[in-house]
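Student: Hi, could we look through this model together? I'd like to begin with the loops.
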Amino acid sequence: MTSATEKLVSLVDAKDRFDHSPADLLPTQIEALEERFAERRDRIKLLGHRAREAGITEVRSREDMVALLFPHTAYKSYPESFLIEERWDRLGKWLGTVSPYPISPIETADIGDIDEWIGRLAAAGHYVSCSSGTTGKSAMLPATEKDMAWSRIDTVNVFSWGSGVEPAADRRIMGLAPTASVPKNEVIAGAQLAAFGDPARERFRLPIPPITVGSLTRMVVLRKKIADGTARPEELADFERTSLERQEGLDKAMISGAEALIEYRHEKLYISGMWNSLYQLAKLVRDMGFSAKDFHPDNCIYVGGGLKRAQLPPDYQEFVHQTFNIPANRDFQNYSMQELNSGMPKCQAGERYHVPPWIVPFVLDESGDTLLPHETGEIEGRAAFFDLSLDGRWGGVITGDKISLDFSPCACGCKGASIRDNIARYADIKGDDKIGCAGTVDAYVRGLS
């Protein structure tokens, strides 16, 4: 018999997957949440702890699930000393507290850095992706091959739905932003290339070294040392020199990117990047004397991530579109995060991010402790999600985002839940972000590791 979870995730290829109303989906979603909880409560140590604390023995409503959601900080709860002292064995034990699959001990004596540790885990079937860590420690998120396979399917489907571009393998792929070299990002890039990239045209990448987890981690460790006054003079000097070299390398790479865009301007382009880098490239292309009239009329664009605190003019999106001749129906934007395994593509008509049936959305109060009443219409609060497609970790996460979730049909015609395009981070609004359960969750995970 098909389970509720299977019914929902099987919609990944359905053309009408965003056209199921929240009221129609809810009974099946509740059943699927209970299936996941029953399956994982004894396999994920942190989940079992949360269930015991809340006295939850089964999930009969969305309210029951709130106490079982993990704050996004749970994936940053490892002690920094594990990184600073390169205690890979201890870091592996910590990872086991948030994974449903045992993290078997691996040989760590000959591991030189965290990139080698992640590579050795991947060889054992545990894929660890990390967030950027731009404001602190990187989140470390375990995943499985099943998760990688899902990402390959989902990323192509959401891009095609949101942009109207068919996976015809007929475009030159232009990768125009430095991205973290982690398993999920690599899988998504490979799937997009295979589906939309012309095999006769080499993919362009900015000529800069990849951002590895190791390079991110070294920055985190050095920031910690600078903050507590233990950074040695030679470390500070090396940091300043490396930062200068990277900036010079990025400046040169951006010029190369602008030149490549001009060289390939008559081809059908698939342009990907983040708004800050795309805006800087558009300025360079304009300065070189080129604009929309010089580019192919059926280019498309994939924008990932937010502004990352970059200060851009109000019309930055129009400026980019008009520079590279991006038609209105070829602009793809996606709301997701490393903690989830699925994307929420933005539609063309309603300016909303659409939530697929296998992601159960929650809107909580600012502290993240209480589900806000919501059966119809729109409500604003802290975003939380349960991604039923996830295999390698618990699917429920409380985010740092403030969203407006709408259960009404969208202007594009879809009846599914959607999120208004006004997403903000509580850390940016308040200058800080405190999730009520985060402290006790972090303490528990640290205690086990």
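Student: Is A169 buried, partly exposed or exposed, and which value goes with that?

Tutor: A169 is partly exposed, with a relative accessible area of 27%. Buried means under 20% relative accessible area, exposed over 50% and partly exposed in between, with a 1.4 Å probe and protein chains only. This is a predicted model, where local features need pLDDT of at least 70, side-chain atom pairs count only at pLDDT 80 or more, and totals for chains, interfaces and linings use all residues. Residues are numbered from 1 along each chain as its sequence is written, and side-chain values use heavy atoms, with hydrogens and water left out.

Student: Where is A169 found?

Tutor: In the loop between α8 (145–163) and β4 (172–175). Helices (H or I, at least four residues) and strands (E, at least two) are DSSP runs, numbered from the N terminus.

Student: And what about phi of A169?

Tutor: A169 is not a glycine, yet its phi is positive, about 50°. Most residues other than glycine have a negative phi.

Student: What is phi of N325?

Tutor: Phi of N325 is positive as well, near 60°, and this residue is not a glycine either. N325 sits in the loop between α13 and β8 (331–335), and is partly exposed at a relative accessible area of 23%.

Student: Switching to helices, at what angle do α12 and α13 cross?

Tutor: The axes of α12 (residues 275–287) and α13 (residues 316–324) cross at roughly 50° and come within 9 Å. Axes here are lines fitted to C-alpha atoms, for helices over the stretch in contact, with angles from 0 to 180 degrees between N-to-C directions.
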